[in-house]
Amino acid sequence: MSNNKHVVIVGAGAWGTALAMAMARGRHHVTLVPQSEAHAHELINHRVNKTYFPDITLDPKIQVDGDYNILKTADVILWVIPTQYTHSLLSSIKSMIQDHVPFIICSKGIDCTQTPVTRDSLLSSIVSKIIENPVAFLSGPNFAIEVARGLPAAATLAAHSKDLAEYLAGLLSTPLFPLFFHDDMIGVQIAGALKNVIAIASGIISGRELGKNAGAALLSWGLQEMKTLGVAMGARSDTFFSLAGMGDLILTCSSTESRNTSLGVALGQGVPLKEILASRNSVCEGMHTAGAVHNLSKQYQLVMPICETVYQVVQENISVDAAVHILMGAGNS
């Protein structure tokens, strides 16, 4: 069987576009499918994603197609649709996806649009209830802009089957974007989701200019919360000290390139939440995930003060000043 595959990437936001650029540098035929016809026309006519990467021209090997029927010709699908929209969109286009095609989830979060929130709210579970395809999960640490520009990066490709994870990692790796396989898909998903919640808390500490010492303490406690929930939900503890756990957490919390960290920084600086959200055109996954974690921590009877504080802040139940006080005592919980 040829290794030259048709890779179809669904979702042309920052990460979807970056993944298309990364895959185009490999040996595969790449099609990028935006969610809207208007966005598809923009990319076809201008070859630039003006919203996210206005100074980067799409690789000429990338085909843009606004018709989901292109999925019928896919050998591999990369799904880069925000968590809260996955169930409705995938349900509407599932007939276009052949059962044998590997389906790789590239979005992070826990779906809280359907209740109750349980382990079945992980994206791999949601997808597996809609389609019967082999499912895998791609996770960082990655900033989309660096991947789009061709800077070196590494990522984790996880699946319940080690053989599937190893096969897909080998198939899609490129010299500048190597993928490392992992068989703890639950742990990799939880790590990728919760690090966005911790990043909001980390940003609040930075925005308040409380210093590097406070930031390091918060990251340490945040990693512990990630591991605590993960193990309770069936993950392996060592996953949280891997590229997909600690690696992704450190990257996300280290820079305002992260949407979640920058949200926290703005909150820490005193900017009202509604004003922050009104000025953005991208999803801050940590806000939605905080609600899911709030429910899961109750279900598993876990004490998770950092995640709970972020939830209370984004629900505007407590002030940022009160949040800082709680966050800096999180290690005693």
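User: Which residues does Gly16 touch, not counting residues up to four places away in sequence?

Analyst: Welcome! In this predicted model, Gly16 touches Ile9, Gly11, Leu32 and Val80 once those sequence neighbours are left out. Each of these counts as a contact because it has heavy atoms within 4.5 Å of Gly16. Gly16 is found in helix H1.

User: What makes Gly16 buried or exposed?

Analyst: The relative accessible area decides. Buried means under 20%, and Gly16 has 1% relative accessibility, so Gly16 counts as buried.

User: Where is Ala12, and why is it called buried?

Analyst: Ala12 sits in the loop between strand E1 (6-10) and H1. Its relative accessibility is 5%, which falls under the 20% cut-off, so Ala12 is buried. Beyond its neighbours within four places in sequence, Ala12 is in contact with Thr17, Leu32, Val33, Pro34, His39, Leu43, Asn49 and Tyr52.

User: How do you know whether Ala144 is buried or exposed?

Analyst: Ala144 has a relative accessible area of 15%, and buried means under 20%, so Ala144 is buried. Ala144 lies in helix H5 (residues 144-149). Setting aside residues up to four places away in sequence, Ala144 touches Ala14, Trp15, Ala18 and Phe53.

User: What makes Arg259 partly exposed?

Analyst: Its value falls between the two cut-offs. Buried means under 20% and exposed means over 50%; Arg259 has 30%, so Arg259 is partly exposed. Arg259 belongs to helix H10 (residues 259-268). Apart from neighbours within four places in sequence, Arg259 is in contact with Arg280, Ser282, Val283, Cys284 and Glu285.

User: Why is Asp67 called partly exposed?

Analyst: Asp67 has 39% relative accessibility, which lies between 20% and 50%, so Asp67 counts as partly exposed. You can find Asp67 in the loop between strand E5 (62-64) and strand E6 (76-79). The C-alpha atoms of Asp67 and Ala40 are separated by 9.1 Å, with the two residues 27 apart along the chain.

User: What does UniProt mark as "binding site", and where do those residues lie?

Analyst: One annotation with that name, from an unreviewed UniProt entry, covers Gly11, Ala12, Gly13, Ala14, Trp15, Gly16, Ala144 and Arg259. The lining of the largest pocket takes in Gly11, Ala12, Gly13, Ala14, Trp15, Gly16, Ala144 and Arg259 from that set.

Another "binding site" annotation in the unreviewed UniProt entry covers Trp15, Tyr52, Lys108, Ala144, Arg259, Val283 and Glu285. Of these, Lys108 and Glu285 are included in the lining of the second largest cavity.

User: How much space lies in the largest pocket, and which residues are closest to its centre?

Analyst: The largest pocket holds about 1,100 Å³ of space. It is lined by 41 residues, and the closest to its centre are Ala14, Trp15, Ala144, Arg259 and Glu285. The lining divides into 14 nonpolar, 19 polar and 8 charged residues.

User: How do you know that the largest pocket lies between the domains?

Analyst: Look at who supplies the lining. Domain 1 (6-183) and domain 2 (186-330) both give residues to it, so the largest pocket lies between them. Among the helices that supply at least two lining residues each are helix H1 (14-24), helix H7 (185-207) and H10.

User: What about the second largest pocket: which helix gives the most to its lining?

Analyst: That is H8, with 4 residues. The second largest pocket has about 280 Å³ of space. Of the 17 residues lining it, Ser202, Ser206, Lys212, Gly215 and Cys253 lie nearest its centre.

User: Why is the second largest cavity said to lie between the domains?

Analyst: Domain 1 (6-183) and domain 2 (186-330) both give residues to its lining, so the second largest cavity lies between them. Its volume is about 30 Å³. The lining residues are Thr83, Gln84, Lys108, Gly109, Ile110, Glu285, His288 and Thr289. H12 gives the most to this lining, with 3 residues.

Methods: Residues are numbered from 1 along each chain as its sequence is written. This is a predicted model: local features need pLDDT of at least 70, side-chain atom pairs count only at pLDDT 80 or more; totals for chains, interfaces and linings use all residues. Side-chain values use heavy atoms; hydrogens and water are left out. UniProt positions are given in the numbering used here, feature names are shortened, and annotations may be inferred rather than shown by experiment. On a 1 Å grid over the protein atoms alone, a cavity is a set of points where a 1.4 Å probe fits but cannot get out, and a pocket is an open set with protein on both sides within 12 Å along at least five of seven lines; lining residues have an atom within 4 Å of a point. Buried means under 20% relative accessible area, exposed over 50%, partly exposed in between (1.4 Å probe, protein chains only). Grid points are joined across faces, edges and corners, and a volume is the space filled by probe spheres set on the points. Ala, Val, Leu, Ile, Met, Phe, Trp, Tyr, Cys and Pro count as nonpolar, Asp, Glu, Lys and Arg as charged, and the others, Gly among them, as polar. Domain bounds come from an automatic or database domain assignment.
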